[in-house]
Amino acid sequence: MSLHPTLQPYADAWTHSIEAISELVQPLAEGEWNQRTPCPSWSVRDVVSHVIGLDCEMLGDPRPIHTLPRDLFHVTNDHQRYTEMQVDVRRHHTAPEMTSELEYTVIRRNRQLRNDSRDPGTKVRGPLGTELTLEESMRTHAFNVWVHEQDLRAALGRPGNLDSPGAHVARDVLLAQLPRVIAEDAGAPRSSAIIFDVHGPVEFLRTVRVDIQGRGTLETAPALGPAAVFTLPWETYVRLACGRVTPEGVADRLKADGEPALVEAILANFTVTN
């Protein structure tokens, strides 16, 4: 019994990130768990609670029976309420309780992965009762855990792993969203092209072409006469796409050339997850 080869890269990315998270939080003093992270409204403890909750969901554990307090003003919709449940139920846990639960959950997940022989197309439970394939679930999970590793690194002043296996999963997940961001959300003109030139630990040059029907496609070939060109570091790209910073907050690291209204529309719609 072994994991399907298609799924192994996602398992490897998760393993790398979760071990990094464990290493980051193991020595923290009690007060350090309350430090704010770039993840909106969440502390170090909240981010680790969320990561534990994500893995409990992957294990198929029942969701906690818990009533959210009324004063969580950052929780405004059903998806946020769903996500916050795993976080708020651990808000008063001590540092030893947090690290112990994280360690135990990782042990259980490693055992699950070693014994998992399911096909990548197997349907599994997703958030709010949705269904998705096992491959989609593991890809999204590897992405989420790497992004939260970066949240913790930023909060604790321990940068790193920007080119880890999880970073490459994140690149693919975020690039897959670009055609929708450009063509639909930002409403880029038909028969136009927008270029993203990203440098740093993860480098890529991608063109989003919008066809005559207004559909966007992602290409590796550069375009002649693009409507806009964005040049930025990989870390800035991630933080923008994940809603950790605003375009104004990274203006010194972001170069955008093109029609001002189009550039503004793209940046206003650039966040695809937070």
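Guide: The axes of α2 and α4 come within 10 Å and cross at roughly 30°, where axes are lines fitted to C-alpha atoms, for helices over the stretch in contact, and angles run from 0 to 180 degrees between N-to-C directions. The model is a predicted one, so local features need pLDDT of at least 70 and side-chain atom pairs count only at pLDDT 80 or more, whereas totals for chains, interfaces and linings use all residues. Residues are numbered from 1 along each chain as its sequence is written, and side-chain values use heavy atoms, with hydrogens and water left out. Helices (H or I, at least four residues) and strands (E, at least two) are DSSP runs, numbered from the N terminus.

The angle makes α2 and α4 roughly parallel to each other; angles under 35 degrees count as such, over 145 as roughly antiparallel, 65 to 115 as roughly perpendicular and the rest as oblique. The crossing of α2 and α4 is left-handed, meaning that the near helix is turned anticlockwise from the far one by less than a right angle (clockwise would be right-handed). On the α2 side the contact (heavy atoms within 4.5 Å) involves Arg-45, Val-48, Ser-49, Ile-52, Asp-55, Cys-56, Met-58 and Leu-59. From α4 come Met-98, Glu-101, Leu-102, Thr-105, Arg-108, Arg-109 and Gln-112. These contact residues divide into 7 nonpolar, 3 polar and 5 charged; Ala, Val, Leu, Ile, Met, Phe, Trp, Tyr, Cys and Pro count as nonpolar, Asp, Glu, Lys and Arg as charged, and the others, Gly among them, as polar.

Helix α2 also packs against α5, at an angle of about 165° with the axes 10 Å apart. The two helices are therefore roughly antiparallel to each other, and the crossing of α2 and α5 is left-handed. Here α2 contributes Val-44, Val-47, Val-48, His-50, Val-51, Leu-54, Asp-55 and Met-58. Their partners on α5 are Ser-137, Met-138, His-141, Asn-144, His-148, Leu-152, Ala-155 and Leu-156. The contact of α2 with α5 divides into 10 nonpolar, 5 polar and 1 charged.

The largest pocket holds about 1,300 Å³ of space. It is lined by 48 residues, and His-50, Leu-54, His-79, Thr-83 and Asn-144 are the closest to its centre. A pocket, on a 1 Å grid over the protein atoms alone, is an open set of points with protein on both sides within 12 Å along at least five of seven lines, while a cavity is a set where a 1.4 Å probe fits but cannot get out; lining residues have an atom within 4 Å of a point. Grid points are joined across faces, edges and corners, and a volume is the space filled by probe spheres set on the points. At least two lining residues of the largest pocket come from each of α2 (44-59), α3 (78-88), α4 (95-114), β1 (123-125), α5 (134-156) and α6 (165-185). Helix α5 provides the largest share, 11 residues. The lining comprises 19 nonpolar, 19 polar and 10 charged residues.

In the second largest pocket there is about 180 Å³ of space. Of its 17 lining residues, Gln-150, Asp-151, Ala-154, Glu-235 and Arg-239 are the closest to the centre. Two or more of the lining residues are given by α5 and by α7 (234-241), and α5 gives the most, with 6 residues. By class, the lining of the second largest pocket holds 8 nonpolar, 3 polar and 6 charged residues.

The largest cavity contains about 50 Å³ and is lined by Leu-174, Gln-177, Leu-178, Val-181, Tyr-237, Ala-241, Phe-270 and Val-272. The cavity lining has 7 nonpolar residues, 1 polar and no charged.

Helix α6 is also packed against α1 (residues 8-25), at an angle of about 125° with the axes 7 Å apart. Helices α1 and α6 are therefore oblique to each other, and their crossing is left-handed. Tyr-10, Ala-13, His-16 and Ser-17 of α1 meet Pro-165, Gly-166 and Val-169 of α6. This contact divides into 4 nonpolar, 3 polar and no charged residues.
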